[in-house]
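Work through the exercises below with the structure open beside the text. Try each task before reading its solution.

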There are 2 protein chains.
Amino acid sequence: MSTARAKATRDKRRLILDAAVRVFARQGFHACRVADIADEAGVAYGLVYHYFASKDEILDTLFLERWNVMLETIRAVDAEAIPVREKLEAIASFIVDSYRHDPDLMKVIIVEVTRAANSFGQTHLGQIREAYELIGEIVVKAQEEGVFRPEIDAQFAAMAFYGAIEQMLTGWIFGLLPQGEEQFERAKWLVLETVCGGLERGAVGGAPAG
Amino acid sequence: MSTARAKATRDKRRLILDAAVRVFARQGFHACRVADIADEAGVAYGLVYHYFASKDEILDTLFLERWNVMLETIRAVDAEAIPVREKLEAIASFIVDSYRHDPDLMKVIIVEVTRAANSFGQTHLGQIREAYELIGEIVVKAQEEGVFRPEIDAQFAAMAFYGAIEQMLTGWIFGLLPQGEEQFERAKWLVLETVCGGLERGAVGGAPAG
DNA sequence: GGAGTTGTTGACTGACCAGTCAATCTATTC
DNA sequence: GAATAGATTGACTGGTCAGTCAACAACTCC
């Protein structure tokens, strides 16, 4: 199944997906028309529907392609015999590098899926939840090993960690934070320093009041 | 200008705004129709356009009403002569309590504005930016006083702080984190502990590699 | 109590756009 | 080289919905 024909077909499909990323990033999923995607890809309107059942399916495909890579990465990192801080560093690096490599795609994933509580966020809630839970498990292990303070709820800590990273990307997406190689590295470092710094044993503060 | 008539008018306007919050939260801004808002408010379709120029203007009003209160709160907190940690605690409390008090409104603000890079987020970019900058100024002062480590970029730190809080709300909005009085207090405490813990002097780690 | 003002109604319209489909083209197979 | 299967085209349709408008109701003020 690897004739010239089959390859051309795969390429066309990819062509449309890549065009969709640019269009979604530029105009937003709701604001763009399917015709915009076809134009951007340089194909006829109808061809989009030859490869995808609906406009939604295009976004679903884009999200799942990338998110599944992230889930695999987190699982692989967790399986390694390295300190928590290195695990979390690897995850932060993966996310920031994903943005560095394809900012449009990450913009689309964050704006249209990860934070879209009434549309695609609900559709992909299971996948999104899984990422948070995997990070939570890393925190739990670190607590069991005595590296992280045990009184902090692991799920909350995972959310804080992920949220800090995503907000960095959001800052870049909105043009509110400076971008560039050096900034990307500083962002990784900052998240690690603040979140791990606060979670590690030796920090001050007792249990919460309420 | 406070006749019974004027008061009834103000009440009607508020009635529509409150109905819009519920509808936007339930269905999302794009998925709902203006007719849904009118139905929810128990008024005729046309009346919505008597009080608001467009569907957009309703969301704009809801966002600005609340966001301006937050900006005022942050400014007031910053002006007080209290330690950084208390300032940041007050801000975290304000945001979490806003959610506690009206989860639907906060859901709408976060999902439809704060994180909507291609629609209302752009419209209100100035207001959003201002919040981040005010928090950044608090961090800068803390660095000047020697309480926070100076090598961490204040704007990045502000984003990490705000992002961690917003992700907590997102967790509640998506139903991924447990809610309740105790959970809200724990969330505030956790964000303070992790972020401040990592930012305060005495934490480990040198400057970033890249 | 009548004139003017503001509030309220819901049917209607005009634009928009996702998705369909029948026709045409191109590659592959025997 | 005829036949089959898949790729490609773009005009068209059907439904949706934001916003308009003309009529009517209620209040205010002299």
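**Exercise 1. The two chains**

How many residues of chain A are in contact with chain B, and with how many residues of chain B?

Solution. The model is predicted, so local features need pLDDT of at least 70 and side-chain atom pairs count only at pLDDT 80 or more, while totals for chains, interfaces and linings use all residues. Residues are numbered from 1 along each chain as its sequence is written, and chains are lettered from A and ligands numbered from 1 in the order in which they are written.

Step 1. Two residues are in contact if their C-beta atoms, placed from the backbone, lie within 7 Å. By this test, 54 residues of chain A touch 54 residues of chain B.

Step 2. At least two residues of this side of chain A come from each of α6 (103-114), α8 (125-144), α9 (154-173) and α10 (181-199). Helices (H or I, at least four residues) and strands (E, at least two) are DSSP runs, numbered from the N terminus. The element that gives the most is α10(A), with 15 residues.

Step 3. Sorted by class, this side of chain A has 28 nonpolar, 16 polar and 10 charged residues. Ala, Val, Leu, Ile, Met, Phe, Trp, Tyr, Cys and Pro count as nonpolar, Asp, Glu, Lys and Arg as charged, and the others, Gly among them, as polar.

**Exercise 2. Chain A as a whole**

Solution. Step 1. Chain A has 10 helices and zero strands.

Step 1. Of the 210 residues in chain A, 42% are buried (20 or more other C-beta atoms within 10 Å of the residue's own; exposed means 12 or fewer, partly exposed in between; C-beta atoms are placed from the backbone).

Step 2. The C-alpha atoms of chain A fill a box of roughly 65 × 40 × 35 Å along the principal axes.

**Exercise 3. A pair of helices**

How do α5(A) and α9(A) lie relative to each other?

Solution. Step 1. The axes of α5 (residues 84-101) of chain A and α9(A) come within 11 Å and cross at roughly 20°. Axes are lines fitted to C-alpha atoms, for helices over the stretch in contact, and angles run from 0 to 180 degrees between N-to-C directions.

Step 1. α5(A) and α9(A) are therefore roughly parallel. Angles under 35 degrees count as roughly parallel, over 145 as roughly antiparallel, 65 to 115 as roughly perpendicular and the rest as oblique.

Step 2. The contact joins Leu88(A), Ala92(A), Ile95(A) and Tyr99(A) of α5(A) to Phe161(A), Ile165(A), Leu169(A) and Trp172(A) of α9(A). Its residues divide into eight nonpolar, no polar and no charged.

**Exercise 4. The DNA strands**

Which residues come nearest to DNA strand C?

Solution. Step 1. A residue is near a strand if its C-beta atom, placed from the backbone, lies within 6 Å of it. Of the 20 residues around DNA strand C, the nearest are Val34(A), Gly46(A), Ser54(A), Ala44(B) and Gly46(B).

Step 1. The largest share of this surface, four residues, comes from α3(B).

Step 2. DNA strand D is also surrounded by 20 residues, with Ala44(A), Gly46(A), Arg33(B), Val34(B) and Ser54(B) the closest. Here α3(A) gives the most, with four residues.
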